[in-house]
Amino acid sequence: MNKKKIYDTVVIGAGIAGCCGAFALKLKGQDVLLVDRSSVPASGGSGAAGAFVSPKIGKGSTLQELTNEAYEYAKDFYKEYFSEHFSQTGIIRIPKDDEDALKFNEYEEFNTSRHRWISKDELHSLGITQEDDSFLFDEAGVCDAPAMCRAIWQKVEFKQFDVDRLEFDGDIWSIYSKDNLLKAKNVVLSTGYQNELFDMRYMGVRGTWGSRGDYYSKLDLKVSMHKKISISANIDGIIKLGATHNKSKEPCKVCDGYPLKMLESEAKDMIDSSDLVLKETFCGMRSGSKDYFPLVGRVVDAKGMLERYPKITRGAKVALEHLPHLYILNGLGGRGFVFAPLMSKWLSEFIVDGVEIDSRVNPDRLFLKWCRKAFR
């Protein structure tokens with residue numbers, strides 16, 4: 001066991017976050033191993049994602065600014081490295097209702113990503129049965145979610161490995177399954193909504209169940225769109241509807257055996273869906289943080305700090321202490337395919353070059369607030 005190969009970094013979890021994280025570290029010259037309990041990537045929430053790569057519209061919030069930075073980076077990243085799985089169809093953002101249509105004029109000054117207005121007449125000419133003027137982002141597009149994760153996964157070393165526990169001996173992490181062992185200088189956790197390896201309650205990671213349907217169709221739909229749901233352009237005879245956002249802890253009871261019912265109902269009001277024939281249904285749990293910003297950086301030693309500094313539960317401010325060489329890349333929410341490339345770049349630059357993590361995504365932002373709230 002002492003002669004085990006020691007990797008620079010082991011990334012745990014092969015959704016879009018873990019795949020991009022491992023790839024970014026490999027581009028930095030690291031000897032990286034990506035592991036997952038499944039034998040294939042994107043077996044959870046990433047595989048069920050709509051995987052639309054588009055900007056966020058709004059009135060210029062910090063989350064909007066961050067999302068659109070990530071969008072600009074992501075579309076260029078996919079075009080450069082994995083263009084065969086990224087279709088730059090353009091995406092039309094359609095107002096949800098009359099009230100939302102009025103807000104689009106207010107959103108205009110904050111729309112920094114390349115776009116133009118598209119009228120109802122042009123919508124109709126494209127086969128979109130909507131009446132409100134909308135935004136067209138012609139550089140936006142859609143990833144083939146499972147194929148994209150698989151393509152990135154194939155660029156790095158991968159091992160099916162169900163992690164049971166982690167131990168740090170002062171220099172190296174030992175990563176155990178029930179009958180095997182890996183060793184690494186660094187560990188990156190991209191485990192999605194499940195976080196059982198360490199106490200990371202302060203991050204507030206939570207799951208949102210999503211379903212997507214892929215449909216055979218001959219409809220000549222050349223552009224993708226988003227209203228209450230997302231509908232992809234017709235790509236190689238397939239139109240994608242997705243994805244739902246079900247926060248129930250028992251999503252299968254909520255959908256009652258028909259997970260695509262809402263998607264199909266909404267689609268009827270947006271396009272001629274009469275010839276759509278279901279090819280495949282995808283379901284999975286995506287992970288998000290309590291404040292909707294990604295979680296990228298080091299992991300606070302929550303247990304140790306609570307023992308050493310009990311006054312932090314009453315508002316005392318102390319310097320944060322972290323678990324050594326343990327990192328997280330998680331909480332990307334419903335925009336995983338937008339956030340993953342840039343968040344992975346930032347984490348790789350932090351691990352390899354020591355470049356500080358952007359404060360907007362650093363999980364440290366959540367710890368002291370959690371201590372005061374959770375133990376009051």
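Student: By class, how many nonpolar, polar and charged residues does the lining of the second largest pocket have?

Tutor: The lining of the second largest pocket has five nonpolar, two polar and eight charged residues (Ala, Val, Leu, Ile, Met, Phe, Trp, Tyr, Cys and Pro are nonpolar; Asp, Glu, Lys and Arg charged; the others, Gly among them, polar). The model is predicted, so local features need pLDDT of at least 70 and side-chain atom pairs pLDDT 80 or more, while totals for chains, interfaces and linings use all residues. Residues are numbered from 1 along each chain, and side-chain values use heavy atoms, without hydrogens and water.

Student: Where does S17 stand in its sheet?

Tutor: S17 is an edge strand, as is S6 (116-118), each pairing on one side only (pairing needs at least two DSSP bridges). The open, mixed sheet of eight strands runs S6-S7-S5-S14-S15-S16-S13-S17. Within it, S5 (91-93) and S14 (224-226) pair in the parallel sense over three bridges, and Ile-91 stands opposite Ser-224.

Student: Is Tyr-107 buried or exposed?

Tutor: Tyr-107, in helix H3 (98-107), counts as buried because its relative accessibility is 12% (buried is under 20%, exposed over 50%, partly exposed in between, with a 1.4 Å probe and protein chains only).

Technical notes: Helix = DSSP H or I, 4+ residues; strand = E, 2+ residues; numbered from the N terminus.
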